[in-house]
Amino acid sequence: MIAFHRRRLLAGLAAAPLVGAVLRPAVAREAGAPDAALDAAFAAHAPVGLAGAVVTRDGLVWAGARGVRRFGGDDPVTAEDRWHLGSNTKAMTAAVFARLVEQGRARWGMPLAEAFPGLDIHPAWRNTTLDDFMHHRAGLLDEPVMGRNWLMTARADPRSLPEQRAVIAAQALGSQPGGTPGAFVYGNANYVLVGAAIERLTGASWEEATGAELFEPLGLASAGFGAPAAAPQGAGNAWGHRGAGDQRTPIPPAHPGADNPAALGPAGMVHMNLADYGRFLAAMMGARPDWLGPDSRVGLTTPPEGGPPAYACGWAVGTQPWAGTDDPVRVLGHNGSNTMWYCSVLAAPEPGVAFVAVSNEGAAGERACQVLLRGLAATRNQG
């Protein structure tokens, strides 16, 4: 069974992978400083492969990679490889919903009865909206609807992915919440439910809606779902890895266990290369108001009232010092892993810079990504 590693996902919820590092704008920087940060992180934890990027509103301004595509091999991993983003997919699912709001096909604060017409919804969900699921504050728990038994059997489900997600939504909403509405409980089922609502609203699968509303308008040609395979032109790609140390095993992308069951897609199964991920991050920092307007971006990145943690729609939200300002600036962060890949991101929308770290293994990749993210931020300290 391959479940999302909750500890790794929650590690980013304080939006503090850069604790101890002061973010500064991209002004004077030592030549090669990001490469030095990458070398240091790779040497410290020796993951199979490690890559990083620095992004501004203009897109990717630096990217680098170290290591190999498969443990025991000599094919070097590259920044152009496609990387599994894990739970960083959640911000993309929320952005697709925001696009539907801008088009008048959905609205913020949407009641469940409006999102799922005709569904038998337990009265305890009467005051719950889709926003609550995007904030992980609806009271929905993973275990009753997507626990061990589901993970063991879902890959063999012959129904279409929208049908599978509709069943999850019906099961979740047909009973009273297992948790406390209003209290934060991180869970993948929340975003599977949002994906199911997107499917109801569009009449298309979440995958099709994400392609139409996100991949196509932003030109994310490398984007796809699940474990990334070889590029269409036949170029190789990194594989994810199980295990640790000398027991690390590369998992072929066609292997049934190379990723979680596909129905879990809206919560964490997008992959793409760093340049394309940079395009998405640049858009979230305001580079593409034609794709997503400022009101939508504010809505997606503003946590609800109700205390910690400060989590918006697929983003943990915090503040960091910033050179040249009197007050700390707002930063957005998130981590993602399906235990065989790791991705960590932190973005500062107002100054307009983001940092990304990715790896094709989980345990050592997690440690290396956090070190790399801090190192990349430190390259902004020379201003």
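The largest cavity in this structure has a volume of about 40 Å³, where a cavity is a set of points, on a 1 Å grid over the protein atoms alone, at which a 1.4 Å probe fits but cannot get out, and a volume is the space filled by probe spheres set on the points, with grid points joined across faces, edges and corners. The model is a predicted one, in which local features need pLDDT of at least 70 and side-chain atom pairs count only at pLDDT 80 or more, while totals for chains, interfaces and linings use all residues. Residues are numbered from 1 along each chain as its sequence is written, and side-chain values use heavy atoms, with hydrogens and water left out.

To see the cavity, select Ala227, Pro228, Trp239, Gly240, Ile251, Pro252, Pro253, Ala258 and Trp341, which line it; lining residues have an atom within 4 Å of a point. This lining divides into eight nonpolar residues, one polar and no charged, where Ala, Val, Leu, Ile, Met, Phe, Trp, Tyr, Cys and Pro count as nonpolar, Asp, Glu, Lys and Arg as charged, and the others, Gly among them, as polar.

Next, select helix 2 (residues 33-45) and helix 14 (residues 363-378), whose axes come within 8 Å and cross at roughly 155°. Helices here are DSSP runs (H or I, at least four residues), numbered from the N terminus, and axes are lines fitted to C-alpha atoms over the stretch in contact, with angles running from 0 to 180 degrees between N-to-C directions. That angle makes helix 2 roughly antiparallel to helix 14, since angles under 35 degrees count as roughly parallel, over 145 as roughly antiparallel, 65 to 115 as roughly perpendicular and the rest as oblique. Contact, meaning heavy atoms within 4.5 Å, is made by residues including Pro34, Ala37 and Leu38 of helix 2 and Ala364, Arg367 and Ala368 of helix 14. By class, this contact has nine nonpolar, two polar and one charged residues.

Move on to helix 3 (residues 89-102) and helix 10 (residues 206-218), which pack at an angle of about 85° with their axes 10 Å apart, and are therefore roughly perpendicular to each other. Among the residues in this contact are Met92 and Val96 of helix 3 and Trp206 and Leu214 of helix 10.

Finally, select helix 8 (residues 161-173) and helix 9 (residues 188-202), whose axes come within 9 Å and cross at roughly 120°, so that the two helices are oblique to each other. Here Leu161 and Ile168 are among the residues of helix 8 that meet Val192, Leu193, Ala196 and Glu199 in helix 9.

Definitions and conventions: On a 1 Å grid over the protein atoms alone, a cavity is a set of points where a 1.4 Å probe fits but cannot get out, and a pocket is an open set with protein on both sides within 12 Å along at least five of seven lines; lining residues have an atom within 4 Å of a point.
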